[in-house]
Amino acid sequence: MSESIRIANCSGFFGDRPSGALEMVEGGPIDVLTGDWLAELTMLILSRIQAKRPGQGYARTFVSQMEQVMGTCLDQGIKVVSNAGGLDPDGCADAVHEVAGKLGLSPAIAYIDGDDLMPRIAELAASGSLQPFVDGGDLGDVSRFVSANAYLGCFGIVDALTAGADIVITGRVTDAAVVCGPAAWHHGWQRNDFDRLAGGVVAGHVIECSAQATGGNYSFFGEIEGRNEVGGRARFGFPWADVAVDGSSVIGKHDGTGGAVTVGTVTSQLLYEIGGPRYLGPDVTARFDSIELEQLAPDRVRIGGVRGEAPPSTLKVAMNEMGGFRNSFSVALTGLDIDEKAELAAATFWDACASGPDDFDAIDSRVIRTDKPDPATQEESTAIWRVTVKDGDERKVGRAFSDANVHTALASIPGMYGLGGGPGAASPFGVYRPAKIASGLVPQYVHVLGESTTQIDSVAPGGPPVEIGDVDSADGDWGPVIALPLGTIVGARSGDKGGNANLGVFTRSAHAFEWLDGFLTIDRLVELLPEVAGLEVERFRFPKIWSLNFLIHGLLQEGVAASTRQDAQAKAVGEWLRARVVDLPSALVERIG
C-alpha cells in the first residue's frame, strides 16, 4: 500500500493516565492504537503479581481501557496492538475476551508469547546458551531469577494482523515493535527491508513514551503555549505517527490538544534511553546518526533519511533476580553545624542499632545539603541525613533497623525529627541482569483465540553495515563569554538503561552544536557532574540532530529496583547538568535573546 498508516500511542508505562485510549480513539482519525506498558522495573512488579495470582501477571489497566474503546475501534476498523500482556499474555487475552463478551462484541483477539525463558532458564544457563549481555559480565544466580524475558521483534505482530486479528496482545517485545509491526503489516515490508524497518523503529521510539514526544519532560517547556491551562492545554496530547511506505514518518498529535510537537521535542525523545548511533533491535539495527528532522507545520515533524542495518544474531534478555531486602530513613539537620550534627546523629543511631554499618550487605549513608545560608524559612535551613541499607536477612533491615532511629529521638541532635513518615518494615528489591541469547533459540508463537497457533522464526537475515558520513568537530574562536547555566542554550533528556544512565544533550542550531561538540567532552562532563567521577563514560555524536549522548556506566548500581540514588531512574540528571554554570559564548546567548 502507498498510503501512510496513522499509528497512535495511548500509554508510555504501567501507570500512564487511564484516559489515554479514549482520548486517542475519539480525538481524531487513527488506524492503529498502540500502547507500551512494560519496562525493566515493570517486569519485576508483574512477577510479584503473578506469584500471588497466577495467570494475572499483565496490565489490568489495559483491559479497563479496552472496555472503554473496544466498540468504537471495531466500528471504525482501528487495530489495537499492545505489550500489556507482560508475563501472562494469554491471561490478558482471556480478560479482554471476557470484557468483549460482556459488551456483546466479538473481536478477533491474538496473543504472542515465546519470550518467557523462565521455564528453561536453568537449562539455557547450564548449556552456555544464555550469556551475559556484556562480555565478562555476570549472569548471577539463576535460581534466584523471578523473570527472564527475551525482547522479541515485530513480525509476530505482522503475522497476527495478517491473520485478521483486531486486537494483538504481546509479552516482552521491544518498545518500538508495537509501532513497527503495524507499519510492516500495512506496507508489506519484508525482513530485509532494513531502511524501512529502521524508519518504523525510529517512529516507534519517538511515540512509545506517550507525551514525552509532545512536550512532556522537555527542557524548554516554557515555550509551550497553554501549558498551565488546567482543564485545557495543561493536559498534553499523546502522539501519533503517520508512517509512509518508505519508512519515513510524520509525528503529530490530535488538533486542539495540549503540548507541542517540534523538532526539539522529537529530538529530546530520540535521545531517551539510547546508547550509541547503532540502535540494536531484533528486526533491524537503526542508525540514529542518519536521522533527519524537519518541521513541516505546527505540531507536525517529519522524520526521514533513516538507514538500517542487519540486526545482531542475538536477542537481548531482561532478567530480574531477587536481591534481598532494603530499608531507609531520613533525618532533618537544621540550622548551624550541619556536618557536626550529622556525625552525632550517626553515632547515636549506630549505638542504638543492633547491627553495625559493616554488618549489612550494602549501606548508603549521605548528607544532602539542601540548606541555604541565612535561611528565610525553616525549610531553607534544613539539610538531610539519609541512610539506606540492604541485606538478605529481612529481619536485620526491618523494624530492628528503623526503630533504632526512633529510639534516639530524645538523645541526639538539637531539633531532631524524621522526614518521610515513621519507621517501616523492610521491602524486597530486585537486581536487573541483562543477557543475550541466539535468536534461533527463541521463536515467537502467535495464537489467535479459538483458531490457530503459528510459530514465527526470530532469526533475521544478515547484511552489510551502512556507512554514514560524519561531521568533524569545529574548534573555532567563539569570542567573548558569559557565565550562565548550560541550559540557557542546551536541552537534555536522561534516563535509565539497566544499571547505566544515558544523558542526551541537544541544541537548536548547527552553530550551537559546533560549540557544544567541542566544549562538552567526557572530562568536562565529569567536572560538571562530580558524582560521575570514577565511572566509565562513553560519548557518542549525532550531528544531524545536533546532539550528543553520554552513557554513564554503573550510575544506577544494579538497576532501578536496587538503586539507592534519590533519582533512581536518572530522569533528572540532564536537568542537573543544564543547571551548571559555564562560560557560554556571548554570540550564542545573543541569538536566543
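Visitor: Which residues does Asp299 touch, not counting residues up to four places away in sequence?
Guide: In this predicted model, local features need pLDDT of at least 70 and side-chain atom pairs count only at pLDDT 80 or more, while totals for chains, interfaces and linings use all residues. Residues are numbered from 1 along each chain as its sequence is written, and side-chain values use heavy atoms, with hydrogens and water left out. Asp299 touches Ile251, Gly252, Lys253, Gly259, Ala260 and Val261, not counting residues up to four places away in sequence, where contact means heavy atoms within 4.5 Å. Asp299 and Ala260 are 39 residues apart in sequence, yet 5.7 Å apart in space, C-alpha to C-alpha.

Visitor: How far does the backbone nitrogen of Val261 lie from a polar atom of the side chain of Asp299?
Guide: That distance is 3.0 Å. A polar contact is a pair of N or O atoms within 3.5 Å; within protein, one must be able to donate a hydrogen and the other to accept it, and residues adjacent in sequence count only if both atoms are side-chain atoms.

Visitor: Why is Asp299 called partly exposed?
Guide: Its relative accessible area is 22%, and buried means under 20%, exposed over 50% and partly exposed in between (1.4 Å probe, protein chains only), so Asp299 counts as partly exposed. Asp299 sits in the loop between β12 (292-297) and β13 (300-304); helices (H or I, at least four residues) and strands (E, at least two) are DSSP runs, numbered from the N terminus.

Visitor: Why does Arg172 count as buried?
Guide: Arg172 has a relative accessibility of 2%, and therefore counts as buried. Arg172 is found in the loop between β7 (167-170) and α7 (177-187), and, leaving aside its neighbours within four places in sequence, Arg172 is in contact with a set of residues including Asn83, Asp115, Asn149 and Tyr151.

Visitor: What makes α8 and α9 roughly perpendicular to each other?
Guide: The axes of α8 and helix α9 (residues 263-270) come within 8 Å and cross at roughly 100 degrees. Axes are lines fitted to C-alpha atoms, for helices over the stretch in contact, and angles run from 0 to 180 degrees between N-to-C directions. Angles under 35 degrees count as roughly parallel, over 145 as roughly antiparallel, 65 to 115 as roughly perpendicular and the rest as oblique, and α8 and α9 are therefore roughly perpendicular. Val202, His205 and Val206 in α8 meet Val266, Gln269 and Leu270 in α9.

Visitor: Which residues touch the most other members of the largest nonpolar core?
Guide: Of the 108 residues in that core, Leu33 and Phe62 touch the most other members. A nonpolar core is a set of buried Ala, Val, Leu, Ile, Met, Phe, Trp, Tyr and Cys residues joined through side-chain atoms within 4.5 Å. A second, separate core of 30 residues includes Leu520, Val532, Ala570 and Leu577.
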